[in-house]
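Here is a short tour of a protein model for someone meeting it for the first time. Have a look at the sequence and the fold, then read on.

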Amino acid sequence: MRTNSVITVFEHQRLTVTDFLQAADFAWLVAQEFTVFTIKRQRGQWQLKVGHYIGIIMLPSGMMLEILPKTVASMQDTHSAQQDNISLTRHWVQRMLTDLISGGSDSPSKMPHNKNFGQFSQHLTPLLNQTPPLSQWLATQFLQRLSAYQPSKHYQTQVYNQSRLQGKLLIKEQMRRNGAQPHKFVSEVSMLSQDMLSNRLIKSALLLLTPLFNANLFPKPLLSKTVIAWQHVTALNPHEWRQLQPLYLSAKHQLRSQPLTQQQLQQAQQLLEMAYWLLQGQQATINASSSLHDDKQPTQSTPQLRLCLLINMNQAFEQWASQRIAILFNQRDEHAQPLYQTLYQPRDVWLRDDSGQTCLSIQPDVLIYHMVNKYDENKKNILLNKKHSPHITSNDSNSKNDNHVLQCSHVIDIKWKHLAQTRDISASDAYQLTSYAQAYHAEQVWLIYPVTDHKRQPVLLTQAKYRVNCHAGLWLMPFNVLTGTVNQLLSIE
């Protein structure tokens, strides 16, 4: 769907030149060869198939290409229904990103793939009723943080060879360089400057987002004040763009050595992380631009940068669902001790040969362990249905103390795929669930999949009578992306 400034498409959609207002935008996308797109030619025309990514790409015309997650529920194919679907999808995607990047006190301290989302602060603007495109939402988050932070300064040492003495005279350099010109002095000067690496990375991200700062959405005084505060900071040059990661690591180290308060340091680190996250996507466009103009002489001017931010949707959904499920299991006993322990993507040996060599490893998305008293006859367990409550197998190697042991209560696998019906589960997913149940002797094994309503409820899968009986409950568990919860409230029985 197209508006005046945004072209909205969905994950796995096929794009042709007719989807764009200007054919040059489509040609530019084809030339970039982004990994998010698969290029095909069918029926005499080029097609770009969107991969499992979401995000935003600024096109040469100034239009913004917005990629949203594929729909996980059927919608009527009408114009109003499509608009509602886009608005609803933007809303929950922004909620997902907000949850991932805010890291509240109830969230797990370490999540998988957190390098993709750790760049934001903990206080985000509440979502509006009229959900803006992802590009405007992102610009809002950045500008809010930028307006609350002033670029820090530090002393930089520079060496000058000039006709007046300034600072510290470097005698050895003076004798080596100015033997024939005694009227000059090689001196070392320490000057207070804003051009520290962290500021320069943030300034480059500011320039990248500047086209999105619409005066109708952002107050003009706020924009002017923010731009003025950063106008004397130098952005990265083309050579530095190609060394982005080492510069980022140096900037982090440099920032920690500054005499900043804890709050100032936290604000600076958050901005630096967000800036680096935004800037990473531009290297592909820089390299592509260079390859398209190999016949031209290289220039030292700032490269033509276009905002390009792409997020792996499989990883994003997996991380979000992991976080939300961990909060559900954040239960404590009467002594305020945690009843459950959550592990993320633990890798364990599954199969060995007779010599003890590892043949296959196993790595579920989430493991939930339950702390129980091995002498308590009435152990408490989180169960969806008493009727299918399995027995508990002790594992003394995980003992907290002599009276408590950790039992594997849930093994959870998370899939970003739409299951319209129960029978849509793939054989590989079913094999995986039963393998998890066998490997961990778990009470329950969940396959988490996305839905957009509360109608779908958990489904217990049972094996045929002539198959080997599995003591674990194998559940298809719907995760409502609109609420960020599974469609079944858990309670302690």
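## A histidine to start with

His 441 sits in the loop between helix H12 (427-440) and strand S16 (444-451); helices (H or I, at least four residues) and strands (E, at least two) are DSSP runs, numbered from the N terminus. The phi of His 441 is positive, near 50°, and this residue is not a glycine. For background, most residues other than glycine have a negative phi.

A word on ground rules: this is a predicted model, where local features need pLDDT of at least 70 and side-chain atom pairs count only at pLDDT 80 or more, while totals for chains, interfaces and linings use all residues. Residues are numbered from 1 along each chain as its sequence is written, and side-chain values use heavy atoms, with hydrogens and water left out.

## The whole chain

The protein chain has twelve helices and 19 strands. Of its 493 residues, 44% count as buried; buried means under 20% relative accessible area, exposed means over 50%, and partly exposed is in between (1.4 Å probe, protein chains only).

Take the contacts in the protein chain with a separation of 6 or more: residues 24 or more positions apart account for 73% of them. Contact here means heavy atoms within 4.5 Å.

His 12 is in the loop between strand S1 (6-10) and strand S2 (14-15). This is another non-glycine residue with a positive phi, about 70°. His 12 has a relative accessible area of 34%, so it is partly exposed.

S2 belongs to an open sheet of three strands, in the order S2-S4-S3, with antiparallel pairing. At the edges are S2 and strand S3 (37-42), each of which pairs on one side only. Strands pair if DSSP finds at least two bridges between them, and two bridges join S2 to strand S4 (residues 45-50). Across from Arg 14 stands Lys 49 in S4.

Helix H1 (residues 23-32) lies across S2, S3 and S4, at about 65° to S4. Angles like this run from 0 to 180 degrees between N-to-C directions, and axes are lines fitted to C-alpha atoms, for helices over the stretch in contact. The buried residues of H1 are Asp 25, Phe 26, Trp 28, Leu 29, Val 30 and Gln 32.

Helix H5 (residues 197-209) has 13 residues, which should span 18 Å at 1.5 Å a residue; its end C-alpha atoms are 19 Å apart, so the two agree. That expected span is 1.5 Å times one less than the number of residues. H5 is mostly covered, with twelve of its 13 residues buried. Among them are Leu 197, Arg 200, Lys 203 and Leu 209.

How do H5 and H8 lie relative to each other? The axes of H5 and helix H8 (residues 244-256) come within 8 Å and cross at roughly 130°, so the two helices are oblique to each other. Angles under 35 degrees count as roughly parallel, over 145 as roughly antiparallel, 65 to 115 as roughly perpendicular and the rest as oblique. On the H5 side, the contact is made by Leu 197, Ser 198 and Leu 201, and the H8 side includes Leu 244, Tyr 248 and Gln 254. By class, the contact of H5 with H8 has seven nonpolar, three polar and no charged residues. Ala, Val, Leu, Ile, Met, Phe, Trp, Tyr, Cys and Pro count as nonpolar, Asp, Glu, Lys and Arg as charged, and the others, Gly among them, as polar.

## Helix H8 meets helix H9

The axes of H8 and helix H9 (residues 262-280) come within 11 Å and cross at roughly 175°. H8 and H9 are therefore roughly antiparallel to each other. The residues in this contact include Lys 252 and Arg 256 of H8, and Glu 273 and Tyr 276 of H9. By class, the contact of H8 with H9 has nine nonpolar, three polar and three charged residues.

H9 has 19 residues and reaches 27 Å from its first C-alpha to its last, close to the 27 Å expected. Its buried residues include Leu 265, Met 274 and Trp 277.

## A buried serine

Ser 409 lies in strand S15 (residues 404-414). Is Ser 409 buried or exposed? Ser 409 counts as buried, because its relative accessibility is 2%. Leaving aside neighbours within four places in sequence, the contacts of Ser 409 include Tyr 340, His 370 and Ala 442.
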